[in-house]
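Colleague: I am new to reading protein models. Could you walk me through the features one by one?

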Amino acid sequence: MKKDLACERWTLSFVFLWTYVLPFALGQIRYSIPEEMAKGSVVGNIANDLGIELKRLVSGRARVFTSDGSEYVGLDREKGQLLVKQRMDREQLCGDIEACSLSFEVILENPMELYSITIDIQDVNDNSPIFPKNEIDQEISESAILGTRFSLAGAIDADVGLNTLQKYILHPTDHFELNVQSSSDGTKNVEMVLKNTLDREKKEHHYLTLTAVDGGSPQRSGTVKIHITVLDINDNAPVFNQAVYKASVAENSAIGTLVTTVRATDADEGENAHIHYYFEHAAANAVALFAIDVQSGQITVAGQIDYEKHKQFQIKVIAEDNGGLTGACNVIIDVTDVNDNIPKITAMSFTSALPENAALGTVVAMLNVQDFDAGDNGKVTCSIDRNSPFKIVRSLSTYYNLVTDSALDREQLPEYNITVTAVDGGTPPLSSRETLTVKISDINDNAPQFEQDTYDVYVNENNSPSLSIFTVNAKDADWGPNARVSYFLEEGTLNGASLASYISINSDTGVIYATKSFDYEQLKSFNIKIKAQDGGTPPLSTNATLKIFVQDQNDNAPQILYPVQTSSSAVAEIVPRSADIGYLVTKVVAVDVDSGQNAWLSYKLQKAADRPLFEVGAQNGEIRTVRQVTDKDAVKQKLTVIVEDNGQPSRSATVTVNVAVADSFPEVLSEFTEFTHDKDYNNNLTFFLLLALIVVSILFIFSVIAIISVKIYRWRQRKLFYKSANNLPVIPYYPTMYSDGTLHHTYNYEMCGTTDSRMSDVKPMRPYSQSTLVSLSRPGTVQRQHKQQQAGDADDISPQVRII
C-alpha cells in the first residue's frame, strides 16, 4: 500500500534530451522516475523522444543492453516505450547514495545504432527509521555530574534526502535531554544529556522513550525504550586520544590483516577503569569485513574486501568501562584498488553470417569492453589478429566495432575465427580473449564447370531404349543452392526430328539416356550440347559438347548378289571336261551393309568331297577347278558356298551353285531333266493332291466315261497308223543351217520333256551368258514348240539350258 501511495505522489518527469552524432552512438537521453514503480509502468517513449520511427525499432530488432545483465527496464518495440520489468528499490540499488541512477543502452541493427539511456531513480518515503534494538539498557552512576553525555544508538533510515531521519524526540525529559549533532558525512550522533542529578536511593530505574522521525510525507517514525539503571560511583568515562581515525587497506587483503588500532583511557582506577571496545551500529557490510579486538582496540580484516563494491568505510567505535561510561570515535577506512579484475568483453550485437560480397567497413560485431578497476588498472585496449580481413575500431569509451577491412571470398576461406584480445593498463597487465566465429555466406559468383569442354561418347547400335550411355558431371565452387547443378539438353534438330527424340538427360544426376535404338547404317554420329545450370539467383550456366558416335554391330548377314537364286528356276554352270586346273567356273558376289570387320567377307564350300574338283577363293568368291576332270566325275555337281562375315558372332549366307561337267549339250540336258522334273514334281505334289480330293467325287463318273472313250479312240487311230506306215518312205529332216544334224555354234535351247517322249521338244532361244544354263518352267507339246520355233529368232545363242 505504501508503494502505491508513493507512486501516486510521483509523476513521470522528463529531464532532458541530448542528441549528438557519433560514428556509432546516435543519442543520449535521461529520464527520472520514482522508485518502487509497478511492473509494466511506462518509463518513457524513446520513439518520440529520440525521433525514431516505430517500424525502425521493429526492423532493427531494438533491445536493451546492460553491462551487468540486470533487467529492470524493458523495451516495447511496437509502441516505442520503455517499461518497468521488475521492481526498483533505490535503497537496494544505490544504498545511501542520494543521486541514484540506472544506465543502459538501446541497440538497433541493420544498420547498427546505439542510444545511451539514463534513468534517475527518485527516493520515496518507504522506510521508517529503525533502531538497532527495541530496548536500550543504560547504567548511569548516581555521581554523574550534570551535563554528562550518554551516547545512544541512533536510528537508521534507508531513505535519503528529506525522506531520511530528521529529528529525535525524548520523553519524558525530567532528568535527561537530547543533544543531536550532525557529522560531516550526514549522520546524526544522538546523546542523552543529564540535566538533573540522579539519586539512586530515590529512584533506581528510569524509563524513557526515544522517537526518531523522518521528513517524508506522511512522516514515518521509529521508537526505542530506554531503561536507565542508576549505579553507584563511576564518574569518569573513557576518552579516545583521537576523535577520528583514518586508515587505508588494499583490496583482497588477507583475513587478519591489521588496519588500525584505536585507544581510549579512563581516569578511574580499578574495575571502573577497565575498558572494552566494540562497533556501534556499524553497517552490515562493515561488520562482515572488519573486526575489533574488545581488549586491545585493534581493527583487522575479517572478510574479502572488494574495491569495486566498497571504496570507503566509516565505523563508529565505542569504548566502555565497567561502570557503563562510554566514549566514541569515528574510524574512516579507505580501500585502495588492486588490478584484480580482467577486462570483460561482451558482444552486444554480432552477425555470425556475413555475405562474401560485404562492403568494406561493414560492421560485424559491436563489443562492450569494461574493466571494473580504477585508474590505469581500468584502462583497456583491444586488438585482433593482423592476418585477417577484419579490424577493430573504437566507437565510444568502452565500445568497439569489428568491421571488414578487405574483400572476402568464401571459396578461399568459408569461416574465420577472430580472437579479440583486451588488455588493461595494470602492473602486471591482465587480459581476456573472446573468439568470434564468422561464417562467410555464399553468393552465386561461380558458374558450374564441366571436367571437359568436349566429350566423345560411343554407343553400340541396336541399343535398348532408355539405355544409360554416359554421365556428365559439372562442379560449382559455390555452396548450398548456388552449387546445386541441374543439367539440360540444348534444343536442336537432327534429320528433321528434335534432339529430345534421340537423347534425354537426368537433370539432377547428369545421366544421359538414349531414347531410341540407333542404327549405324542410318546414323553414324551426331553432336549435342549439354547445359549445366546452378540454382543461384540469377542462375549461371556452362555448356559442353557431346560427340556421340554410333558403333557398328554385326546385325546384318551377307547378301548374295550373284548368282541370283529364285524359287522357280535352278542355275547351272557348264564346265568342259577338258578344263585345266584353275578354270574359272563362276564367281560368287556378296555384300554386307555393316562396316569395318563386320563387313569383311570370306567364302568357303560347305562340304568338300574326298577328291574335290572345285574350290572357292576365300577372299574373292571365285570358284575354280583344282584338278583335271576325270570320267568318274559326275556330270551334275552341286556346290554349296557359305559366305561369312568377320563379326562377333559372325553371320553367314549360303548359295547353291549347280555345275554341269560335260562337253555336249545333250549330256547336260539328260542329267538336268531328271533334276528339274523331280524338283517340280515335289513342289506341285501337294497342289495336285488337294485338287484331286476336291473334284474326284464330281468328276468320277465323267472320268470313267472319258477313259472308255479315249481307249476306243486310240485303238482306232493306232490301227489306221500301222496300216499306212508300211507304204511311206522315211526321209530325215534337217533345218537348212544344220545340214549334217550337228550344232556348229553355242546355242541356247529350251527343252520341254515329259515321260512320254512323243510329247517332248527342243526350242532354240535367244543367247544369255557364256556359261549359264537356266531352266524355265514352261510345259508344252512338240508340235506347239515347233510352231513357235518357226516364228522365233534364228540368231546365235549361247549354251544356256532351261530344263522343266
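**Reading the contacts**

Modeller: A search of the whole structure finds 18 salt bridges. A salt bridge is a side-chain nitrogen of Lys or Arg within 4 Å of a carboxyl oxygen of Asp or Glu. One of them joins the side chains of Glu 36 and Arg 87, at 2.8 Å from N to O. Glu 36 lies in the loop between β2 (25-34) and β3 (42-45), and Arg 87 in the loop between β6 (81-84) and α4 (90-94), so the pair ties together parts that are 51 residues apart in sequence.

Colleague: Before we go on, where do the numbers and values come from?

Modeller: This is a predicted model: local features need pLDDT of at least 70, side-chain atom pairs count only at pLDDT 80 or more, and totals for chains, interfaces and linings use all residues. Residues are numbered from 1 along each chain as its sequence is written, and side-chain values use heavy atoms, with hydrogens and water left out.

Colleague: Is Glu 36 buried or exposed?

Modeller: First the scale. Buried means under 20% relative accessible area, exposed over 50%, and partly exposed in between (1.4 Å probe, protein chains only). Glu 36 has 5% relative accessibility, so it counts as buried. Arg 87 has 39%, so it counts as partly exposed.

Colleague: What is the general idea behind such a pair?

Modeller: Side chains of opposite charge can pair when their charged atoms come close.

Colleague: How far apart are N and O in the salt bridge of Lys 391 and Asp 405?

Modeller: The distance is 3.9 Å. This pair links distant parts of the chain, 14 residues apart: Lys 391 is in strand β29 (residues 390-396), and Asp 405 is in the loop between β30 (399-404) and β31 (415-424). Lys 391 is partly exposed, with a relative accessible area of 38%. Asp 405 also counts as partly exposed, at 40%.

Colleague: Which residue forms a salt bridge with Arg 410?

Modeller: Asp 442 does, with the closest N and O atoms 3.0 Å apart. Arg 410 sits in the loop between β30 and β31, and Asp 442 in the loop between β32 (431-441) and β33 (449-450), 32 residues apart. Arg 410 and Asp 442 are both buried. Salt bridges that share partners also join Glu 36, Arg 87 and Asp 89 into one network.

Colleague: Now strands. How do I read their pairing?

Modeller: Strands of a sheet pair through backbone hydrogen bonds, either parallel or antiparallel. Two strands pair if DSSP finds at least two bridges between them. Take β12 (residues 176-182) and β13: they pair in the antiparallel sense over 7 bridges. Gln 181 stands opposite Asn 189 in β13. β12 and β13 form a hairpin with 5 residues between them, and Gly 186 in the turn has a positive phi of about 90°.

Colleague: How many bridges join β10 to β13?

Modeller: There are 4, and strand β10 (residues 149-152) runs antiparallel to β13. Here Phe 150 has Met 192 of β13 as its bridge partner. In β13 (residues 188-194), 5 of the 7 residues are buried, so the strand is largely enclosed by the rest of the structure.

Colleague: What is the order of the open sheet of 3 strands?

Modeller: The order is β35-β41-β40, with antiparallel pairing. Its edge strands are β35 (467-471) and β40 (503-505), and each pairs on one side only. Between β35 and strand β41 (residues 511-514) there are 4 bridges. Phe 470 has Ile 512 of β41 as its bridge partner.

Colleague: Last, how do I read aromatic rings?

Modeller: A pair of aromatic rings is described by the distance of the centres and the angle of the planes. Rings of Phe, Tyr and Trp (its six-membered ring) pair if their centres lie within 6.5 Å; planes under 30 degrees apart count as stacked, over 60 as edge-to-face and the rest as tilted. The structure holds 11 aromatic pairs. In one of them, Phe 240 and Tyr 277 are tilted, 6.1 Å centre to centre with 50° between the planes. Both Phe 240 and Tyr 277 are buried.

Colleague: Which residues form a cluster through ring pairs?

Modeller: Phe 450, Tyr 455, Phe 470 and Tyr 487 do.

Technical notes. Helices (H or I, at least four residues) and strands (E, at least two) are DSSP runs, numbered from the N terminus.
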